[in-house]
Amino acid sequence: MLKKVLLIDDHMVTWAICEMVLSKTAFCEQLEKLSNGKEGIDYFSSYFDKKKKGETDLLPPDLILLDLNMPLMDGWAFLENYIRKYAERLQGTRIAILSSTVNPEDFIRAQKYEIVIDFINIPLTIEVKEELKSHEGKKPYFS
């Protein structure tokens with residue numbers, strides 16, 4: 001079981017579905033929800049500020065479920081910022097795109113990022129959640 005999943009999505013319906021699927025299937029202990037990429041960057045900035053001050057009980061997310069189309073800062077801008085500022089320090093954190101896009105360019109673009117382990121069309125389902133569990137980087141959490 002993953003310790004923490006961070007969901008970055010601006011739709012409350014997606015929040016509710018993810019919460020239901022992840023909690024009913026023992027996928028993670030904790031689900032945190034943010035509504036746009038800017039909140040995501042602020043989350044990690046705050047995380048590292050707290051770590052610098054000696055807070056040792058903080059856990060980074062094992063997985064980020066990331067929407068692409070959001071206000072203030074979209075998923076692509078979050079991804080670029082996250083990789084540039086935080087990814088190297090969070091080697092165990094991976095990202096799965098969770099989006100309603102049907103643009104083939106989005107799928108191609110996502111494949112260029114090593115940190116992105118999946119591209120999921122919403123809604124998140126139990127079957128898709130099982131596929132995430134089988135990813136090489138996450139298998140140890142579910143063995």
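Modeller: Let us begin with burial: a residue is buried under 20% relative accessible area, exposed over 50%, and partly exposed in between, using a 1.4 Å probe and protein chains only. Of the 143 residues of the protein chain, 46% count as buried. This is a predicted model, in which local features need pLDDT of at least 70 and side-chain atom pairs count only at pLDDT 80 or more, while totals for chains, interfaces and linings use all residues. Residues are numbered from 1 along each chain as its sequence is written, and side-chain values use heavy atoms, with hydrogens and water left out.

Biologist: Which elements does the protein chain contain, and in what order do they run from the N terminus?

Modeller: Helices (H or I, at least four residues) and strands (E, at least two) are DSSP runs, numbered from the N terminus. The protein chain has five helices and five strands, and their order from the N terminus is β-α-β-α-β-α-β-α-β-α.

Biologist: What is the order of the strands in the sheet?

Modeller: Two strands pair if DSSP finds at least two bridges between them. Here five strands form an open sheet in the order 2-1-3-4-5, with parallel pairing. Strand 2 (28–34) and strand 5 (116–121) are the edge strands, each pairing on one side only. Strand 4 (residues 94–99) runs parallel to strand 5 and is joined to it by five bridges; Ala96 stands opposite Asp118 in strand 5.

Biologist: Which strands does helix 3 touch?

Modeller: Contact means heavy atoms within 4.5 Å. For directions, axes are lines fitted to C-alpha atoms, for helices over the stretch in contact, and angles run from 0 to 180 degrees between N-to-C directions. Helix 3 packs on the sheet and touches strand 1, strand 3, strand 4 and strand 5, its direction making about 150° with that of strand 3.

Biologist: Is Asn81 buried or exposed?

Modeller: Asn81, which lies in helix 3 (residues 75–85), counts as buried because its relative accessibility is 14%. Leaving aside neighbours within four places in sequence, Asn81 is in contact with Ile41, Met73 and Tyr86.

Biologist: With which side chain does the side chain of Asn81 make a polar contact?

Modeller: A polar contact is a pair of N or O atoms within 3.5 Å; within protein, one must be able to donate a hydrogen and the other to accept it, and residues adjacent in sequence count only if both atoms are side-chain atoms. The partner of Asn81 is the side chain of Arg84, at 2.8 Å.
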